[in-house]
Amino acid sequence: MIRRIFCALAGLALLAAPASAADPVKIGMITTLSGGGSGLGIDIRDGFRLAIDQEGGTLGGHAVELIVEDDARKPDKARQIADRMVERDRVDVMTGIVWSNLAIAVVPKVVRDGVFYVSPNAGPSLLAGKGCHENYFNVAWQNDNLHEAVGQYVKDEGYESAFVLAPNYPAGHDAIAGFKRYYDGEIAGEVYTKLGQLDYAAEIAQIRAAEPDAVFFFLPGGMGISFIKQYDQSGLRESVPLFGPAFSFDQTILGAVGDAALGVVNSSQWSQDIDNVANEAFVADFKEAYGRLPSLYASQGYDAARLIASALKATGGQVKDDMDAFREALRAADFQSVRGDFAFGANHHPVQDIYMREVVKQDGVLTNRITAKAFEDHKDAYVDECRM
Amino acid sequence: MLLILEQTLNGLQLGVMLFLMAAGLTLICGIMSFINLAHGSLYMVGAYVAATVAQATGSFLLGVCAALPAAGLVAMALEWSALGRLYDRDHLDQVLATFGLILFFNELVKIVWGAQPIFLDTPAWLSGSVEIVPGVPYSTYRLAIIVVGLAVALGLYLLIARTRVGMLIRAGASNRRMVSALGVDIKRLYTLIFGLGAMLAALAGVMAGPIYAVQVGMGENILILAFVVIVVGGIGSVRGALVAALLVGLVDTLGRAFLPTLLQLAFDPATANGVGASLASMTIYIFMAAILAWRPQGLFPAHG
């Protein structure tokens, strides 16, 4: 009897004991480090790590333990890793996923399990609208944002007809929908290509025949590289300009596209020439640490870490013991984003400026320069569907 | 009308590219009865070596000259160290082992060249376009691909039909034991075929470099199409591979180009676009199924 009471007391004592402040905050990062698209995950990881290294192994003054695992771009694998991180490693915060289909497989479950998730890239409409959750924050964008910006810009520039092109999968249809949400000119042609398609000769011939004023395309990864090179070789680029989101003009990709990308205008919420102190430090430190220019993805990984740092600082390193406080601290977004002004909307997605950039050559290296601002304090289209 | 002509050329060009890839695959598959999923890795190695050399020297031709022997050497080393042991095993073992090699090569390329895609430019003397008929400019580089591919087809035909090595290859395909009983070193012959196939794959990779993305895993996409080609053409038949590659290239390109437009005659534009896009990505598989229903051995079966 006495032993039983003792045990119960001990249990109670354990429950009541606050996590010692010296315990590092555990951050689980699931991202793509091998196979196709691994360049993106590697940059997110390196950007995130840079923020930790800049603080000497802490975030917001609190020790953190970063657990990185490779999902190889497979939803089932990401799901397994997430289960392990939640059950065994007992992580406090998760981040890292690059692809929307993986995010949809992982995020709803982990946020229900009481883990915070900060997305450094994927922003599917489901998680911004009907499927939003109080523990889910997206520090990058809602997927449609950059496409909407291109639509707005192409309209503002007075192009009367546009040919639109995207892969035949959900994100491709979202991209075209996002573009059309703000572009009200004539759609000269709308083509959905096979995912992973290599050759775009047939589509380019269609564009030539349709004689549009502009071309909007969303072809992430290798598809975009192939398309831009082939479009350049077709000689159409002089008469029909290309427009697209930043993905095909990012630092990870430009080197492989070469001069075919020169002068193309693309949309992005970040660029290495955004003029603020945080961005200057980020670009310089990233170059020094990794010997290459940072990409959009690196900036998002970095911002994710800095957002978490700001929240840890505000709560004194508490995450699970006072989830409401940590959530409020995240929502406040009290950090210097490398893209300048940053705030969260009601659905925990960014309200931010979106720029148009032009691909230029600087010291022999292709990179982007901001030429215009497409949106000021832009909100996503799904915020009203979100009921938290 | 001009559009149809241009799209037909596009289809031919894609077909020729597929042929370069499929020719080696069909030789290895049909004659050595070996399923080599790592064929796409050799394509990738070719593109990477060519890109590196071309960037260092500024010459595309030097890149080609470096890539072909490099891929040949890699293939022969591979054959000697790993694949040679698998010839007598069943197909499942071969598929598993060569699938492992795909992963191995992808990681190796990532370690050597990094995860980011790299750049291979069109040689200056092949950039730009020519007007094949007035009003239809066509990329010079794509025309060059067609020429190179057809030249390779001719060369392969001469090699297999007219030379002693070709005779041995054909004999080895029909009866391996008998050939070795006659004093021919069949192992060396296989190594030779494997190297030849690898060089063809590397050539395809080099030719693809300036128009497609040079990146880790670039071989897998085209490998699937190459398998469709050799199955349609009849496994082991180079002639079959040529005809099937051109057919697959044409069916794919024309399907993509005209199906959505044709469907618009029957449906409203939104439905036509959606259905057309889905159907277009299926056309070559439907085509393959139709051919196989009609001729289960493929168009030109290699063995009687």
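Over residues 58-83 of chain B, what share of the chain is helix, what share is strand, and how far apart are the end C-alpha atoms? I open with that span, but let me say at once that what you are looking at is a predicted model, and that the values I quote are computed from it.

Across residues 58-83 of chain B the chain is 85% helix and 0% strand, with its end C-alpha atoms 35 Å apart.

Taken along the principal axes, its C-alpha atoms fill a box of roughly 65 × 50 × 35 Å. Of the 304 residues, 52% count as buried, and if we look at contacts in chain B with a separation of 6 or more, 76% of them are accounted for by residues 24 or more positions apart.

One helix of chain B that I would like to go through slowly is H10(B), residues 238-263. With 26 residues at 1.5 Å a residue, helix H10 of chain B should span 38 Å, and its end C-alpha atoms are 36 Å apart, which agrees.

Towards the end of chain B, Pro301(B) is found in the segment after helix H11 (269-294). Once its neighbours within four places in sequence are left aside, Pro301(B) is in contact with Gly234(B) and Ser237(B), whereas its C-alpha atom is separated by 22 Å from that of Gly149(B), which is 152 residues away along the chain.

Now to chain A, where residues 24-361 carry the annotation "domain: Leucine-binding protein" in an unreviewed UniProt entry. That span is 43% helix and 20% strand, and its end C-alpha atoms lie 43 Å apart. Helix H12 of chain A, residues 296-315, has 20 residues and reaches 29 Å from its first C-alpha to its last, close to the 28 Å expected at 1.5 Å a residue. H12(A) is mostly covered, with 17 of its 20 residues buried, and just after this helix Gly316(A) takes a positive phi of about 70°.

Finally, how do the two chains meet? In this model 31 residues of chain A are in contact with 39 residues of chain B. On the chain A side, helix H2 (38-54), strand E8 (186-193), helix H8 (201-210), helix H9 (222-233) and helix H10 (251-257) each supply at least two residues, and H9(A) gives the most, with six residues. By type, the residues on that side of chain A divide into ten nonpolar, 17 polar and four charged.

Key. Residues are numbered from 1 along each chain as its sequence is written. Chains are lettered from A and ligands numbered from 1 in the order in which they are written. This is a predicted model: local features need pLDDT of at least 70, side-chain atom pairs count only at pLDDT 80 or more; totals for chains, interfaces and linings use all residues. Two residues are in contact if their C-beta atoms, placed from the backbone, lie within 7 Å. Helices (H or I, at least four residues) and strands (E, at least two) are DSSP runs, numbered from the N terminus. Ala, Val, Leu, Ile, Met, Phe, Trp, Tyr, Cys and Pro count as nonpolar, Asp, Glu, Lys and Arg as charged, and the others, Gly among them, as polar. The expected span of a helix is 1.5 Å times one less than its number of residues. A residue is buried if 20 or more other C-beta atoms lie within 10 Å of its own, exposed if 12 or fewer, and partly exposed in between; C-beta atoms are placed from the backbone. UniProt positions are given in the numbering used here, feature names are shortened, and annotations may be inferred rather than shown by experiment.
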